[in-house]
Amino acid sequence: MSGHAPAKASSGGGIGGVRKVKEDLEVNKLFRALIKFGGSDLHLKVGKPPSLRVRGVIRELDMPILTDEEMTRLCYPMMDERNTQIFHDEGGADFAHVVEMENDQGVKEPWRFRVNLFIQMGRVGMVSRKVERSIPNFEGLYLPPSMESLCHYDQGMVLLAGVTGSGKSTTIASMLNYINQSERVHILTIEDPIEFVYTENKALINQREVGVDVKDFKIAMKHAVRQDPDIMLVGEMRDMETFETAMHAAETGHLVFGTIHASSAPSTIGRILDLFPREMHPALRSNMGFNLKAVVAQKLLPTIRDTPKRVPIIEIMIMNGTIKKLIHEEKDEKLFDAIRIGKEEGMQLFNDSLYYFVTNEYISRATAFEVSPNVEQLKMQLKGIDVKQPGIL
């Protein structure tokens, strides 16, 4: 691997703590192409031309294939000294990157990107996600109305579940911005890296970037309890320590938002348990019953319309008495049925969301059947037949 030195970061502060590089980097041309074509992700790989994900499909740009030397020249200058060290020590680094692009009026506007630089088969690779410049409201994101109620808890934890690229961060940003526009509270975010930058309305908002504003997540959380937050965003639940720390914040009177990699709302319970040794599971189930308020699972699907290009398929599990009882008694397999009978409380299954978007002609039946966890049940719903489930208790 080349020892090409990364560009020095300027001393001036960037948006959200990102240090903007003084000169306009060569790689920024590719970021601007992503913006121009309305794409969501930029992929760079040795031996392939640069590629963009547009409307969910990866498309190659009409450019020569990238060489090892070009990848090093393009990617290394984006990193500061800290990220360069992490990249070499761990084989990858996550960071934010800011690119200025002129709008239709000739005014330069900053665009933010979440960058993951990594090594694959001994070569440098990069994937970058464009962060939208404005935070859409629930209606603009096509989220169900019951999402609003999840913003009104005084304390506890609300988790957003889904795979990478499913729109979890955007949904949480919309929820925090809803609170920002309606409540005089202190919102504290701890992010790695910062994605959406909020404009304060009624709320006081502080955003801390791990590695830029504070050394690590553990120290950030230690500081957080002294910073009088009402609401906290703690990012991704990647390990036992992160979840324990976030759960403790929820226990001590804060409303905590976080994300987790899980395929559905009920499977999130098992995913959390997997972070802990088996002997801790009974106590953890009891703890979740007290402090977990809701789990929202999300997938993004392409539409058959020009606008919007994609819509979120949402599953909502709210911790009512039935859900808590099932989790405590280790009857996780019955959680799907409990969600089904909890519709009046704002709960819904993926199939309910798919049914809405198919009947309102946003997505095709073929797309819905491809991702549905229970295709036969969805087909029955679309025929107007509601399949009743036997008692779950």
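H97 touches L25, N28, F31, M78, W111, R112, F113 and V115, leaving aside residues up to four places away in sequence. The model is predicted, and H97 belongs to strand β4, which spans residues 92–102.

**Residue H97**
- H97 has a relative accessible area of 5% and is therefore buried, the cut-off being under 20%.
- Its side chain forms a polar contact of 2.8 Å with the side chain of N28.
- N28 is also listed among the residues that H97 touches.

**Residue K218**
- K218 lies in helix α6, which covers residues 217–224.
- The relative accessibility of K218 is 56%, so this residue counts as exposed, for which the cut-off is over 50%.
- K218 and T242 are 24 residues apart along the chain, and their C-alpha atoms are separated by 8.0 Å.

**Overall fold and dimensions**
- The secondary structure of the protein consists of 14 helices and 13 strands.
- For 393 residues, a compact globule would have a radius of gyration near 21 Å, and the value of 22 Å for the protein agrees with this.
- Along the principal axes, the C-alpha atoms fill a box of roughly 65 × 50 × 45 Å.
- Of the contacts with a separation of 6 or more, 58% are between residues 24 or more positions apart.

**Burial, surface and charge**
- Buried residues account for 49% of the 393 residues.
- The accessible surface of the protein is about 19000 Å², and carbon and sulfur atoms contribute 49% of this surface.
- There are 48 positive and 53 negative side chains in the protein, and the centres of these two sets lie 2 Å apart.

Technical notes. Residues numbered from 1 in each chain as written. Predicted model: local features only at pLDDT ≥ 70, side-chain atom pairs only at ≥ 80, totals over all residues. Heavy atoms only, no water. Helix = DSSP H or I, 4+ residues; strand = E, 2+ residues; numbered from the N terminus. Buried < 20%, exposed > 50% of the residue type's maximum accessible area, 1.4 Å probe, protein only. Polar contact = N/O pair within 3.5 Å; in protein donor to acceptor, adjacent residues only side chain to side chain. Contact = heavy atoms within 4.5 Å. Rg over C-alpha atoms; globule rule 2.2 N^0.38 Å. Areas by Shrake-Rupley, 256 points an atom, 1.4 Å probe, with all protein chains shown as cover. Lys, Arg positive; Asp, Glu negative; His and termini not counted. Charge placed at Lys NZ, Arg CZ, Asp CG, Glu CD.
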